[in-house]
Amino acid sequence: MVEDLKDLAKEQFMAFDTNGDNYLDAEEYAAALKEMGIHPENMTKVQNGFKYFDENDDGKISLQEFQELFVASAQQDIYKKANKKMRL
């Protein structure tokens, strides 16, 4: 399951990496948010989200950084849904 999530994350990442440098810069990240229908209230929220993904503070998001957070987020979502079903 983790490998499937990593593959899906890679597909998303490659679609968002419009200049093909294998990193997402702030512009590509902002464009990706818009493409996913996410419209942050202001640029500060965009920058905070970018910093969240950019774990090593190098000013860009690598595929590995993107995959790690993508997988963790998906797993957390699955866990929440499982817990909700168990409570029913």
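1. A quick term before we start: helices here are DSSP runs of H or I at least four residues long, numbered from the N terminus. Keep in mind that you're looking at a predicted model.

2. Let's begin with the largest pocket, which holds about 200 Å³ of space. Three helices each put at least two residues into its lining: helix 1 (2–16), helix 2 (26–35) and helix 4 (63–87). Helix 4 is the top contributor, with 4 residues.

3. What classes of residue make up the lining of the largest pocket? There are 10 nonpolar and 2 polar residues, and no charged ones. If you want to find the place on screen, look for Gln-12, Phe-16, Tyr-29, Met-36, Phe-53 and Phe-70, which are among the lining residues.

4. Next, the largest nonpolar core, which has 14 residues. Those touching the most other members are Phe-16, Leu-24, Tyr-29, Val-46, Phe-53, Ile-61 and Phe-66. Helices 1, 2, 3 and 4 are the elements giving two or more residues to this core, and helix 2 has the largest share, at 4 residues.

5. Helix 3 (residues 43–53) has Val-46, Gly-49, Phe-50 and Phe-53 as its buried residues. Looking down the helix axis, you'd see these fall within an arc of 100°, so they line one face of helix 3. On the face turned away from that buried side sit the exposed Lys-51 and Tyr-52.

Note on methods:
Residues are numbered from 1 along each chain as its sequence is written. This is a predicted model: local features need pLDDT of at least 70, side-chain atom pairs count only at pLDDT 80 or more; totals for chains, interfaces and linings use all residues. Side-chain values use heavy atoms; hydrogens and water are left out. Buried means under 20% relative accessible area, exposed over 50%, partly exposed in between (1.4 Å probe, protein chains only). The arc is that of the directions from the helix axis to the C-beta atoms. On a 1 Å grid over the protein atoms alone, a cavity is a set of points where a 1.4 Å probe fits but cannot get out, and a pocket is an open set with protein on both sides within 12 Å along at least five of seven lines; lining residues have an atom within 4 Å of a point. Grid points are joined across faces, edges and corners, and a volume is the space filled by probe spheres set on the points. Ala, Val, Leu, Ile, Met, Phe, Trp, Tyr, Cys and Pro count as nonpolar, Asp, Glu, Lys and Arg as charged, and the others, Gly among them, as polar. A nonpolar core is a set of buried Ala, Val, Leu, Ile, Met, Phe, Trp, Tyr and Cys residues joined through side-chain atoms within 4.5 Å.
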